[in-house]
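Below is a short tour, one region at a time.

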Amino acid sequence: MKLLTQVRTVIRLRHYSRRTEQAYLWWIRRFIEFHERRHPATLGSPEVSTFLAHLATTRRVSASTQNQALSALLFLYGEVLRQPVAWMADLVRAKAPKRLPVVLTRDEARAILDKLDGTAAIVCRLLYGSGLRLMEALQLRVQHLEFARGEIRVRGGKGDRDRVTMLPLVLQTPLRRHLEDVRAQHGQDLEDGAGWVELPAALDRKYPRAGREWAWQWVFPGTRVHADAATGERRRHHLHETAVQRAFRQAVLLSGVDKSAHCHTLRHSFATELLLSGYDIRTVQELLGHRDVRVTMGYLHVLNRGGLGVRSPIDTL
């Protein structure tokens with residue numbers, strides 16, 4: 001079995017996310033190409049150190065990127081090649097700086113969202129109104145929206161964790177209208193012999209026809225139909241994240257907001273606004289899906305008052 005196929009197999013046996021699989025394969029390929037396509041089994045600590053130094057000094061990657069590359073190589077040697085990795089304990093992880101998240105004021109968020117239209121507008125409003133990550137929003141299926149309860153059920157979020165967050169009232173009507181268009185498109189796909197979507201785990205074997213059912217369709221489907229290589233089914237993938245990212249970036253420029261904002265900034269702003277409104281931090285933690293409340297507490301540092309109600313001395317003059 002080829003090395004990269006081995007890596008992919010071991011990753012899937014451990015049920016790592018698709019993003020992790022893509023990142024690990026990419027870094028392992030880069031590592032092999034950096035050392036002139038020599039097999040990693042013939043390489044060791046000096047070669048790994050040289051590669052990491054190249055990333056830090058020549059490529060000038062961030063600390064988190066350098067650590068991701070190291071994690072991929074640790075996985076390669078420890079889990080795939082089954083080689084002793086004691087020598088890797090001497091490899092130093094880059095110290096990632098702690099950065100305060102960029103957040104938007106209500107006026108800034110409104111100015112940006114007003115410059116969006118179409119599907120990107122609904123997606124970005126969900127990020128700001130529900131605290132979703134971008135991929136969580138794009139991977140929503142019809143059955144995950146609970147209009148009657150005002151809830152969104154997030155399945156397989158970061159860390160493969162499920163949670164429930166709010167479905168804002170102001171977004172229910174636009175979402176219903178959007179779903180009417182999606183349903184009409186799905187009906188046309190069915191008539192054309194398509195209408196399939198990818199199902200999680202092995203549900204396609206347990207329920208062979210579920211892939212064409214309305215409940216399993218993406219809330220935000222892509223614009224193209226493709227033939228799946230394994231099954232031959234004509235499917236739609238969900239909308240690609242870059243389409244939303246480009247639209248949001250353009251909206252930031254048009255709005256005149258002078259902050260380095262991106263789609264994830266809307267999630268940061270959601271959390272900050274809830275804390276400013278007086279909601280307790282545990283509630284915000286649950287809505288965001290953080291494992292550790294200390295991650296959520298990071299938003300307290302951008303509240304201007306640090307959660308302590310401290311007033312500047314100059315304001316009392």
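## A buried asparagine and its helix

Let's start inside: Asn 67 is buried, because its relative accessible area is 15% and anything under 20% counts as buried. This is a predicted model, so keep that in mind as you read. Where does Asn 67 lie? It sits in helix H4, which covers residues 63-80. Leaving aside residues up to four places away in sequence, Asn 67 touches Arg 93 and Ala 94.

H4 also has a helix to pack against. Two packed helices are described by the angle between their axes and the distance between the axes. For helix H2 (residues 18-34) and H4, that angle is about 85° and the axes are 9 Å apart. That makes H2 roughly perpendicular to H4, because angles from 65 to 115 degrees get that label. On the H2 side, the contact is made by Ala 23, Tyr 24, Trp 27, Ile 28 and Phe 31. On the H4 side, the residues in the contact include Thr 65, Gln 68, Ala 69, Ala 72, Phe 75, Leu 76 and Tyr 77.

## The whole protein

Now zoom out for a moment. The protein has 13 helices and five strands. Its C-alpha trace spans about 70 × 60 × 35 Å along the principal axes. Of the 317 residues, 43% count as buried. What about contacts between residues at least 6 apart in sequence? Among those, 58% join residues at least 24 apart.

Which residues of helix H5 (residues 106-113) are buried? They are Glu 108, Ala 109, Ile 112 and Leu 113. These residues are on the same side of H5, because they cover an arc of only 125° around the axis. Here's a handy bit of background: an α-helix has 3.6 residues a turn, so residues three or four places apart point the same way.

Ten of its 13 residues are buried, so H6 is largely enclosed by the rest of the structure. Among the buried ones are Ala 120, Ala 121, Ile 122, Val 123, Cys 124, Leu 126 and Leu 127. Tyr 128, Gly 129 and Ser 130 of H6 are buried as well. From its first C-alpha to its last, H6 reaches 18 Å, close to the 18 Å expected at 1.5 Å a residue. After H6 comes Gly 131, which has a positive phi near 75°.

Time for some strands. Strands of a sheet pair through backbone hydrogen bonds, either parallel or antiparallel. Here, an open sheet of three strands has the order E1-E2-E3, with antiparallel pairing. E1 and E3 are the edge strands, and each pairs on one side only.

Look at the pairs one by one. E1 (residues 145-146) and E2 (residues 151-154) run antiparallel and are joined by two bridges. In this pair, Glu 146 stands opposite Glu 151 in E2. The hairpin of E1 and E2 has four residues between the strands, and in it Gly 150 takes a positive phi near 65°. E2 is in turn joined to E3 (residues 163-166) by four bridges, again with the two strands running antiparallel. There, Arg 153 stands opposite Val 164 in E3.

Buried or exposed: how does Arg 37 count? Arg 37 counts as exposed, because its relative accessibility is 65% and the cut-off is over 50%. Arg 82 counts as exposed too, at 60%.

Definitions and conventions. Residues numbered from 1 in each chain as written. Predicted model: local features only at pLDDT ≥ 70, side-chain atom pairs only at ≥ 80, totals over all residues. Heavy atoms only, no water. Buried < 20%, exposed > 50% of the residue type's maximum accessible area, 1.4 Å probe, protein only. Arc of directions from axis to C-beta. Contact = heavy atoms within 4.5 Å. Expected span 1.5 Å × (residues − 1). Pairing = 2+ DSSP bridges. Axes fitted to C-alpha atoms, helices over the stretch in contact; angles between N-to-C directions. Parallel < 35°, antiparallel > 145°, perpendicular 65-115°, else oblique.
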